Amino acid sequence: MSSASPELSVDSVTGIDVSLPVAGPGARAYAFLIDWHLRTILALAWYAGAELIYNARLSLAPPVTVDGRWFGAVLAPALAIYFLYHYVLELAMRGSTPGKRMAGVRLVTRDGSAPSAGALLVRNVFRLIDSLPLFYGIGLITAMTTREHVRIGDMAAGTLLVYESATATLPAAMGAAGPAARPDPRGAELIAELLGRWDALAPEARVRLARQLLARYGADATVTDAAATEATLHAQLLRLTGRPPERRP
Amino acid sequence: MNTDARRQALTLSLLERAPLWQAAQVRAVRFAHGHTDDAAAATRMADDYRLLAHDLARVRALLPDTRTREYLEGAYARAHATLHHGAWHLGSALLTLLRDELPAVVRGLVPYILWSTVIFVLAVTGGYALIQRYPELIALFASPDLIASVERGQLWTEGLLNIVPSSVLSVQILTNNIVVSLVAYCTGFLFGLGTLYILGLNGLMLGAVFAFAGQHGLGLQLFSFIVAHGCVEISVMCLSSAAGTAVGEALIRPGDAGRIESFRGAALRSGTLLIACALLLAGAGVIEGYVSPNPRFALPARITIGVGYWCFMVTLLTGWLWGRRARRTRAS
């Protein structure tokens with residue numbers, strides 16, 4: 001979470017405002033590119049699959065004269081997938097799409113809720129303007145130049161693209177600190193973070209970080225010396241958070 | 001107790017509440033998806049909301065720029081959205097849109113609809129008068145094939161079904177009409193000028209083609225072709241233009257709210273109308289593909305279909321289809 005990015009702040013009855021960090025043009029473009037590839041692949045896959053079935057042989061050639069069966073079963077669904085992808089998925093996934101989900105962003109209205117069907121329609125209709133003159137030129141320029149990084153469709157629909165912080169995970173060791181724990185608030189967070197990511201880190205990196213944290217937060221001299229094993233360091237970190245040691249391979 | 005020790009104690013007691021946050025998050029997700037709706041669970045959800053607000057305030061002070069804060073911000077935002085907006089279902093959202101929001105939008109757009117209709121009628125009249133006076137100018141509005149066909153005494157629509165199947169024709173026409181409606185709406189962004197251009201051009205073309213067909217004795221045939229689908233198609237053209245001009249006016253005369261706020265309000269309000277326009281155009285496309293080019297349908301049948309579909313459109317847009325007027329009358 002960047003402190004420089006603008007935030008959508010929504011008043012709440014509790015007096016604690018809801019704060020949603022607004023996604024920038026980079027996250028927006030990343031999500032769009034994923035979605036563009038997905039819808040193109042899906043549309044082409046449908047077209048190819050349906051065309052093969054229609055032709056009943058290994059050929060993707062369209063018929064010489066257009067007939068209703070080919071149009072209805074091959075071409076129209078492929079075009080529908082390509083052009084309705086955003087609207088249908090945003091509607092069904094409450095302001096999200098696979099691309100937005102992978103980029104960690106979602107659409108919200110200015111009161112922090114999921115956009116309505118009407119708002120999503122307006123947002124997608126204005127792609128006609130945003131996509132001008134080429135490659136979403138107008139949309140990209142407005143997203144880069146406006147304070148809340150919105151394109152014209154978002155201005156019209158009153159929507160914002162925000163980071164999906166609901167997907168953030170708590171550090172694994174959080175919540176079990178006992179009275180014996182000694183680190184300060186920042187230290188508690190760092191230790192919990194390190195324990196949460198222990199298995200994902202390279203052995204040298206986790207040993208180095210563990211030594212640094214243990215040295216800083218007053219561990220026994222025996223566990224910070226060069227001979228201390230990985231398991232000992234892990235156990236010592238756990239003890240700092242007040243959790244019982246685990247059996248580790 | 002010194003300040004550091006107090007902060008440390010506060011933080012550790014706060015972090016011990018993580019399982020409560022996770023449970024609250026799970027309940028909020030269940031609620032948001034409508035998986036539960038009993039009163040006890042709803043009360044619990046409200047308690048969760050207060051708990052998350054309380055803990056978030058402390059985490060913002062004690063643990064800024066941490067994953068814990070990021071997690072709590074997300075959980076709190078979800079709880080807020082769930083409590084204030086409830087579960088969401090596609091079916092009920094669409095029903096509310098068509099039954100409640102659409103008639104309200106149409107009522108608000110009545111002046112724009114009337115003005116758009118007036119402009120369209122004037123453009124049709126202008127196009128008709130222009131071609132009556134200067135027939136050679138038809139080349140400005142119609143393709144060479146269309147002109148050649150009419151000059152041979154034959155409407156370009158004759159034998160259409162021999163060239164393109166009805167289903168294909170319907171979808172092609174539907175796509176074209178929807179694109180024209182969307183462009184008429186979107187170009188309202190250019191201070192309404194784009195909308196007026198599209199509305200005027202379509203009116204001029206219709207009037208010009210009618211005058212040209214009339215000069216070659218095909219006026220009644222053209223009317224017979226158009227009447228079944230045209231009543232709704234032309235009305236939808238005026239409706240989408242009304243939505244576009246509302247957007248344009250919001251930009252020209254933003255009022256106290258500011259230009260962007262005013263644009264947003266107008267676009268959102270009038271944009272709802274586009275859903276109805278798309279649905280109505282789907283029906284018009286089917287009629288234009290299956291009825292209009294089919295010579296087996298006599299003129300009275302075509303008029304009945306056209307007027308009947310137009311009446312359906314009026315009942316949909318005013319809310320009479322769902323008994324809104326009757327309900328309001330009973331309530332009053």
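Axes are lines fitted to C-alpha atoms, for helices over the stretch in contact, and angles run from 0 to 180 degrees between N-to-C directions. The structure is a predicted model, in which local features need pLDDT of at least 70 and side-chain atom pairs count only at pLDDT 80 or more, while totals for chains, interfaces and linings use all residues. Residues are numbered from 1 along each chain as its sequence is written, and chains are lettered from A and ligands numbered from 1 in the order in which they are written.

Two packed helices are described by the angle between their axes and the distance between the axes. Helices (H or I, at least four residues) and strands (E, at least two) are DSSP runs, numbered from the N terminus. In chain B, helix 10 (residues 219-252) packs against helix 11 (residues 259-290) at an angle of about 170 degrees, and their axes are 8 Å apart. Helix 10 of chain B is therefore roughly antiparallel to helix 11 of chain B; angles under 35 degrees count as roughly parallel, over 145 as roughly antiparallel, 65 to 115 as roughly perpendicular and the rest as oblique. The residues of this contact comprise 19 nonpolar, 7 polar and 3 charged. In this classification Ala, Val, Leu, Ile, Met, Phe, Trp, Tyr, Cys and Pro count as nonpolar, Asp, Glu, Lys and Arg as charged, and the others, Gly among them, as polar.

Chain A also contains a roughly antiparallel pair, formed by helix 1 and helix 2. The axes of helix 1 (residues 25-55) of chain A and helix 2 (residues 68-92) of chain A come within 9 Å and cross at roughly 175 degrees. Among the residues that make the contact are A:Leu42, A:Trp46, A:Tyr47 and A:Tyr54 of helix 1 of chain A, and A:Trp70, A:Ile81, A:Tyr82 and A:Tyr85 of helix 2 of chain A. Two residues are in contact if their C-beta atoms, placed from the backbone, lie within 7 Å. By class, the contact of helix 1 of chain A with helix 2 of chain A has 14 nonpolar, 1 polar and 3 charged residues.

The secondary structure of chain A amounts to 11 helices and 4 strands. Of its 249 residues, 38% count as buried; a residue is buried if 20 or more other C-beta atoms lie within 10 Å of its own, exposed if 12 or fewer, and partly exposed in between, with C-beta atoms placed from the backbone. Among contacts in chain A with a separation of 6 or more, 58% involve residues 24 or more positions apart. Chain A is divided into domain 1 (20-166) and domain 2 (185-241), with bounds that come from an automatic or database domain assignment. The centres of these domains, taken over C-alpha atoms, are separated by 46 Å.

Chain B is likewise divided, into domain 1 (3-85) and domain 2 (90-331), and the C-alpha centres of its domains lie 51 Å apart. Between the chains, 50 residues of chain A are in contact with 57 residues of chain B. Elements giving two or more residues to the side of chain A that touches chain B include strand 2 (18-21), helix 4 (117-125) and helix 8 (185-196) of chain A. That side of chain A has 32 nonpolar, 13 polar and 5 charged residues.

Helix 3 (residues 39-62) of chain B has 24 residues and reaches 35 Å from its first C-alpha to its last, close to the 34 Å expected at 1.5 Å a residue. The expected span is 1.5 Å times one less than the number of residues in the helix. Buried residues of helix 3 of chain B include B:Tyr49, B:Leu52, B:Leu56 and B:Val59. B:Ile305 is found in helix 12 (residues 299-318) of chain B and is partly exposed, with 18 C-beta neighbours inside 10 Å. Not counting residues up to four places away in sequence, B:Ile305 touches B:Ala228, B:Ile287 and B:Val291.

Most residues other than glycine have a negative phi, and most peptide bonds are trans. A:Arg94, in the loop between helix 2 and helix 3 (98-103) of chain A, has a positive phi of about 55 degrees although it is not a glycine. B:Asp65, which is exposed with 11 other C-beta atoms within 10 Å, also has a positive phi, near 55 degrees. The peptide bond from A:Leu132 to A:Pro133 is cis, with omega near -15 degrees.
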